[in-house]
Amino acid sequence: MHFYKDKKRHVITTQTKHKCMLDSCSYLQQEGFEVTYLPVKPDKLVDLEKLRASIRPDTGLVSVMMVINEIVVIQLVEEIGKICKEFKVPLHTDAVQALGKIPIDADKMNISLTEALDEWWWTRYGDKELDDSNAPTVGFGAACELAMKEMEYDDKRIRAMHGRLLNGIREKIDGIVVNRSEVNQYSRNLNLSLAFVEGGSLLMGLKEVAVSSGSACTSASLEPSYVLRALGVDEDMAHTSIKYGIGRFTTKEDIDRAVELTVKHTIEISMWDVEFSDEHM
């Protein structure tokens, strides 16, 4: 945007975009650029007509996440790319959660800019000289090739694990709300709101399990997920949300242990809340 600042002063992104992009947009606004923050529809997908209507002659960039990991939805990047191509606007997409897990074709999707490496890689290798970073770069390419070959098998297996986790918790806990889209679902994360159980409290009891109460980049915040609030989830339920991660090495035993611990600590927290309320009546 700085490079094209004389002609392009407008950015389009979404309200559910990654925090680092929202912070970047906020910084640009302080410099006089304009930003349109598109809402998503009830199905959690970008409204393509609103996107089309938002593009202006001075629009310099459209930025969307390929996978919104908090609400486990895969955005319609190919359709978004077609609109961007029609208006000759560069499309940027965050593909960190997508690479090696869902099919990506940058040409077909008309992706101009993307990132597919998380903070760990950049912290470890990003500031090194090119010669020093050749080995991890080659290794990263080999890992991508392997992930492509095993993608279909991994997806089928992880979907089964996702169902086992969700059904196991639902069978033993009432008041479960699943924060997800009913279309284009991403099976590697499961985001639940547990009525009357504060997510942070449950998180403390699940140290054996790969869970969080929001995205990694907002983990230090006590505020409820801005992504869930942007989707219309009320503040109390957003506070109760907890997100499970399911990976290629997750086993049935891991899933069953996660269910066991979730049920155990949910019951303990609920009983403690009842006792605490009785003491202060």
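**Close-up views of a predicted model**

**View 1. The structure holds one aromatic pair.** F3 and Y4 form this pair, which is edge-to-face, with 5.0 Å centre to centre and 80 degrees between the planes; rings of Phe, Tyr and Trp (its six-membered ring) pair if their centres lie within 6.5 Å, and planes under 30 degrees apart count as stacked, over 60 as edge-to-face and the rest as tilted. Both F3 and Y4 are exposed (over 50% relative accessible area with a 1.4 Å probe, protein chains only; buried is under 20%, partly exposed in between). This is a predicted model, in which local features need pLDDT of at least 70 and side-chain atom pairs count only at pLDDT 80 or more, while totals for chains, interfaces and linings use all residues. Residues are numbered from 1 along each chain as its sequence is written, and side-chain values use heavy atoms, with hydrogens and water left out.

**View 2. An open sheet of five strands runs in the order β2-β1-β3-β6-β7, with parallel pairing.** Because β2 (34-38) and β7 (113-115) stand at the edges with a single partner strand each, one side of each is left without a neighbour in the sheet. Strands (E, at least two residues) and helices (H or I, at least four) are DSSP runs numbered from the N terminus, and two strands pair if DSSP finds at least two bridges between them.

**View 3. Strand β1 (residues 10-14) pairs with β2 in the parallel sense over five bridges.** T13 has Y37 in β2 as its bridge partner.
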